[in-house]
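Q: Could you take a close look at the pockets in this one for me? I'd like to know what lines them and which parts of the fold the lining comes from.

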Amino acid sequence: MSERHWVGVAIDCADAGPVARFYERLLGFEVRTLDPPQWAQLFDPAGGVHLNIQGEPAYEPPVWPDEPGRPSKQLHLEVEVDDLESAVAVAVGAGGREAPWQPPDRNPERIRIMLDPAGHPLCLFLRGE
């Protein structure tokens with residue numbers, strides 16, 4: 001079997017620029033390529049996987065929570081933080097928003113569902129949970 005190594009993930013959206021800047025601020029990644037609205041590439045300065053943002057003209061944002069017959073999330077990022085309220089503030093300041101619906105079986109003092117500028121849900125959760 002040939003060698004394989006996972007190096008990153010791509011997120012689709014309508015315009016790569018705002019989504020790239022959101023994840024740059026939220027994750028502390030470095031934007032190395034930015035060609036909005038089609039493409040952006042972000043790298044973790046500490047190494048590890050990178051994040052690609054791909055603009056798609058026909059993009060439709062997912063609905064959260066999922067609804068039958070509507071576009072749904074295909075995956076979401078899990079972001080561990082040491083200060084939840086501060087991380088929520090960074091996400092909002094970077095162009096994201098808190099999801100209006102939060103799962104009722106989750107403690108909002110430990111985990112918060114956010115939406116990036118393109119509507120993708122992501123979880124911010126306190127370290128140690």
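**A look at the pockets**

A: Let's start with the second largest pocket: strand S5 is its top contributor, putting four residues into the lining. Keep in mind that this is a predicted model. S5 covers 77-81, and strand S4 (50-55) also gives two or more residues to that lining. The space in the second largest pocket comes to about 200 Å³. In all, 14 residues line it, and those closest to its centre are Val9, Leu27, Phe29, Val49 and Leu77. Sort the lining of this second largest pocket by class and you get nine nonpolar residues, two polar and three charged.

Now for the largest pocket, which has a volume of about 260 Å³. Its lining is made up of 15 residues, and nearest the centre you'll find Ile11, Asp12, Gln74, Leu75 and His120. Two strands each bring at least two residues to this lining, namely S1 (8-13) and S8 (121-126). Of the contributors, S1 gives the most, with three residues.

For the largest pocket, think of S1 as the main supplier, with Asp12 and His120 among the residues nearest the centre.

Definitions and conventions. Residues numbered from 1 in each chain as written. Predicted model: local features only at pLDDT ≥ 70, side-chain atom pairs only at ≥ 80, totals over all residues. Heavy atoms only, no water. 1 Å grid on protein atoms, 1.4 Å probe; cavity = no way out; pocket = protein on both sides within 12 Å on 5 of 7 lines; lining within 4 Å. Points joined across faces, edges and corners; volume = space filled by probe spheres on them. Nonpolar A, V, L, I, M, F, W, Y, C, P; charged D, E, K, R; others polar.
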